[in-house]
Amino acid sequence: NPLTDQPHASKMEKVEKKAKKVEDMGKASVVDQSKGSSEASQTGISATERTQANPRGDPGAKPLGNFPFYYKFNPVEARTELLSKDLLRDMLSTHAQPTGKGGKIFLYLDIGCNSGHLTQAMKQLLEELAPEDVQVVVVGWDVDGELIDTAKSMFEQCTFDVCDVVQPDTPSKLQTLLDTHEVQKFSMISLFSITMWIHINCGDARFLEVLSEISGVTESLLVEPQRSPSYKSCRKRMRKTSASLPPFLDTVKLRGNDLLPALETEIQKQLPFKHDFGTTAWGRPLMLFTKATE
């Protein structure tokens with residue numbers, strides 16, 4: 001009877017709709033889990049780790065740029081693979097410094113070393129290319145004591161210390177390190193993706209002074225500078241997470257097309273020759289400045 005069958009049909013439709021909804025929810029859950037697994041496999045870092053790095057979900061929102069898990073986002077080989085081994089091999093011979101003990105050392109300082117992963121990778125690369133009579137000595141500096149503790153615990157072959165290079169005592173700390181190893185100059189210093197953090201935490205004038213202080217005590221300077229888009233991204237991240245803005249983020253005048261030329265000009269006052277290694281996967285140039293062509 002159609003009249004008596006209608007309520008029953010209505011109930012069946014409701015049951016089927018409910019079952020379909022449950023099924024769709026299950027599929028959505030599987031998709032979300034799959035996306036999470038895929039994301040973790042691509043970045044090497046889980047959502048839980050990202051949340052731990054920053055409660056608001058953005059580990060990059062740090063006023064000093066000293067965020068953890070950095071090398072899971074920006075793997076070390078993405079930089080080391082760009083470097084010319086032939087050029088490094090020549091530098092290890094020509095930039096090795098004689099010591100008071102009669103030997104030669106290639107003294108390399110990585111400023112802004114974070115947790116030390118790239119510092120250690122650079123040490124391994126340099127040691128592979130170094131002549132037998134050259135000892136590679138590697139030091140890493142970072143402003144964050146916790147990151148330095150992590151580096152010390154993981155990479156005992158390198159020396160790590162806390163140092164804020166925007167402070168006025170930077171020249172004396174650089175000289176102390178040179179005196180400790182009985183050499184006149186560093187063989188190489190690197191600034192991997194920290195020029196912006198120096199800049200926005202000390203302003204234009206001090207930024208150029210820091211570049212000058214560093215360039216004056218080394219035979220070569222390896223730089224991966226941030227471009228202007230990184231400054232915009234930094235402000236966006238800070239505001240999104242309500243983090244404290246770096247003091248000079250909104251007042252620096254060196255930006256846009258003026259930024260990199262000003263950086264290069266200051267460095268080239270003491271290290272006039274520039275070697276371009278290309279651009280990283282995240283769009284930053286990798287450059288080496290030296291006193292002479294190699």
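Visitor: At what angle do helix α9 and helix α11 pack?

Guide: This is a predicted model, and in it α9 (residues 195-215) packs against α11 (residues 259-268) at about 25°, with the axes 8 Å apart. Angles under 35 degrees count as roughly parallel, so α9 and α11 are roughly parallel to each other.

Visitor: Which residues of α9 and α11 meet?

Guide: On the α9 side, look for Thr 195, His 199, Phe 207, Leu 208, Leu 211, Ser 212 and Ser 215; on the α11 side, Leu 259, Ala 262, Leu 263, Glu 266 and Ile 267. Sorted by class, that contact holds 7 nonpolar, 4 polar and 1 charged residues.

Visitor: How do I read α5 and α6, whose axes cross at roughly 75°?

Guide: Angles of 65 to 115 degrees count as roughly perpendicular. The axes of α5 (residues 85-94) and α6 (residues 117-129) come within 9 Å, and their crossing angle makes α5 roughly perpendicular to α6. Lys 85, Leu 88, Arg 89 and Leu 92 of α5 touch Leu 125, Leu 126 and Leu 129 of α6. Here the classes are 5 nonpolar, no polar and 2 charged residues.

Visitor: And the nonpolar core: how many residues does the largest one have?

Guide: It has 32, and those with the most contacts inside it are Leu 109, Ile 111, Trp 141, Phe 186 and Leu 221. Elements giving two or more residues include β2, β3, α8 and α11, while α9 gives the largest share, 6 residues.

Visitor: What is Leu 109 in contact with, beyond its sequence neighbours within four places?

Guide: Its partners are Val 139, Trp 141, Leu 174, Leu 177, Phe 186, Met 188, Ile 189 and Ser 190.

Conventions:
Residues are numbered from 1 along each chain as its sequence is written. This is a predicted model: local features need pLDDT of at least 70, side-chain atom pairs count only at pLDDT 80 or more; totals for chains, interfaces and linings use all residues. Side-chain values use heavy atoms; hydrogens and water are left out. Axes are lines fitted to C-alpha atoms, for helices over the stretch in contact, and angles run from 0 to 180 degrees between N-to-C directions. Helices (H or I, at least four residues) and strands (E, at least two) are DSSP runs, numbered from the N terminus. Angles under 35 degrees count as roughly parallel, over 145 as roughly antiparallel, 65 to 115 as roughly perpendicular and the rest as oblique. Contact means heavy atoms within 4.5 Å. Ala, Val, Leu, Ile, Met, Phe, Trp, Tyr, Cys and Pro count as nonpolar, Asp, Glu, Lys and Arg as charged, and the others, Gly among them, as polar. A nonpolar core is a set of buried Ala, Val, Leu, Ile, Met, Phe, Trp, Tyr and Cys residues joined through side-chain atoms within 4.5 Å. Buried means under 20% relative accessible area, exposed over 50%, partly exposed in between (1.4 Å probe, protein chains only).
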